[in-house]
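Please read the points below against the model. They go through it element by element, with the conventions stated where they are needed.

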Amino acid sequence: MENIVPVVDAAMKKSGLDLRDIDAIAFTQAPGLIGALLVGGQFAKSLALALNKPLIAVHHMQAHVLANLLQDPAPAFPFLCLTVSGGHTQIVLCASATSIKVIGETIDDAAGEAFDKTAKLLGLPYPGGPLIDKYAQLGKAIYKFPEPKIEGLNFSFSGLKTSILYFLNNAGTANVYKKELAVNAEERKRFIDENLNNICASVQDRIISILINKLKKAVIQTGITNVCIAGGVSANSALRKKLTETGTALGWKTFIPAFEYCTDNAAMIAVTGYHKYLAKEFAVIDIAQTANSSF
Ligand SMILES: Nc1ncnc2c1ncn2[C@@H]1O[C@H](COP(=O)(O)OP(=O)(O)O)[C@@H](O)[C@H]1O
Ligand SMILES: [Mg+2]
């Protein structure tokens, strides 16, 4: 609540525009933390009323996908998008800016959660994704974590988390599936300290192979070869590299948002607002913000 007015002021100043120049007010309607959604939503509604401008309700996951349209060249429709963030892991088929269908998604944890929970097991602070990315660049993927056997285009990451836990509890000495703490806490910590880079590289390698293998399946199933990624985890340097390499090898056209448009940002809400404006998809002023909303 303290930040919303200064943020809007700063954005207007940077844009060189006046509030009266704005055609419509777009805001994140769902999903997310309800406190943040309420503050942004109430402010947007007030602004729309005060300026007599149309109001546009944006779904956070649609906005992540459409962050790809901020790029030049932008992907042509139809395209596939792998959206990977702290709360979601989805493959969507985007037929137009306003027609998006989920064709695969996680049945438990999100890819970002797999990064963050691994980081927690390793004693790293939240959010762990960027740190794992950093340490992985200094290591090698020498530990082989199992790939979940999930049919179709859905994902599962909870088993990976468990196998990492058991692996650490055994300090990498025994088989990775064993549950018991085979070493004491001090040995466990020493193992992590001495092998942090390789552990990070191995976990990251497995998460990426899970994601890329499902994308390959989705391309075969749909015949669509324009392939994008989006969401916080698409900021991951190894995933970005792997997507580009896979695209080159298999003849896909690949698209990755600029780094600053991967993690949560306002520009992706604006570009989605723009397309909904063109499609005349306006919201009523008493539309409710919702914390959980499937897409
Ligand atoms: N370089 C990175 N490598 C892996 N994961 C990352 C990286 N940067 C951010 N993440 C992950 O992205 C997630 C945040 O995604 P984001 O879309 O910004 O937020 P939210 O999930 O709240 O919408 C977190 O799980 C974070 O660890
Ligand atoms: Mg997000």
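1. Strand S1 (residues 25-30) is mostly covered, with 6 of its 6 residues buried. Buried here means that 20 or more other C-beta atoms lie within 10 Å of the residue's own, exposed means 12 or fewer, and partly exposed is in between, with C-beta atoms placed from the backbone. Strands (E, at least two residues) and helices (H or I, at least four) are DSSP runs numbered from the N terminus. S1 runs parallel to strand S2 (residues 55-59), and 5 bridges join them. Ile25 has Leu55 of S2 as its bridge partner. Two strands are said to pair if DSSP finds at least two bridges between them.

2. The model is predicted: local features need pLDDT of at least 70 and side-chain atom pairs count only at pLDDT 80 or more, while totals for chains, interfaces and linings use all residues. Residues are numbered from 1 along each chain as its sequence is written, and chains are lettered from A and ligands numbered from 1 in the order in which they are written.

3. The peptide bond from Ala30 to Pro31 is cis, with omega near -15°, and Pro31 sits in the loop between S1 and helix H2 (34-51). A cis bond also joins Tyr126 and Pro127, where omega is about -5°; Pro127 belongs to the loop between H4 and H5. Most residues other than glycine have a negative phi, and most peptide bonds are trans.

4. Asn52 is exposed, because 6 other C-beta atoms lie within 10 Å. Lys280 also has a positive phi, near 55°, and is a residue other than glycine. Lys280 lies in the segment after H9 and counts as exposed, with 9 C-beta neighbours inside 10 Å.

5. The protein is divided into domain 1 (4-63 + 262-278) and domain 2 (74-256), the bounds coming from an automatic or database domain assignment. Their C-alpha centres lie 31 Å apart. Contact involves 7 residues of domain 1 and 11 residues of domain 2, where contact means that two C-beta atoms, placed from the backbone, lie within 7 Å. On the domain 1 side, helix H3 (60-66) and helix H9 (267-278) each supply at least two residues. That side of domain 1 has 2 nonpolar, 3 polar and 2 charged residues. In this classification Ala, Val, Leu, Ile, Met, Phe, Trp, Tyr, Cys and Pro are nonpolar, Asp, Glu, Lys and Arg are charged, and the others, Gly among them, are polar.

6. Leaving aside neighbours within four places in sequence, Met268 is in contact with Ala63, His64, Leu66, Ala67 and Tyr261.

7. A further sheet is open and has 5 strands in the order S5-S4-S3-S6-S7, with mixed pairing. Strand S5 (99-105) and strand S7 (253-255) stand at the edges with a single partner strand each, so one side of each has no neighbour in the sheet. Neighbouring strands of this sheet are turned by 25° against each other on average, direction ignored. Axes are lines fitted to C-alpha atoms, for helices over the stretch in contact, and angles run from 0 to 180 degrees between N-to-C directions. Strand S3 (residues 79-84) and strand S4 (residues 89-96) pair antiparallel over 6 bridges, with Leu82 opposite Ile91 of S4.

8. Helix H7 (residues 185-222) packs on that sheet and touches S3, S4, S5 and strand S6 (226-230); its direction makes about 155° with that of S3. Helix H8 (residues 237-250) lies across S6 and S7 and runs at about 165° to S7.

9. The axes of helix H4 (residues 111-121) and helix H5 (residues 129-136) come within 8 Å and cross at roughly 75°. H4 and H5 are therefore roughly perpendicular; the convention is 65 to 115 degrees for roughly perpendicular, under 35 for roughly parallel, over 145 for roughly antiparallel and oblique for the rest. H4 contributes Gly112, Phe115, Asp116, Thr118 and Ala119 to the contact, and H5 contributes Gly129, Leu131 and Ile132. These residues divide into 4 nonpolar, 3 polar and 1 charged.
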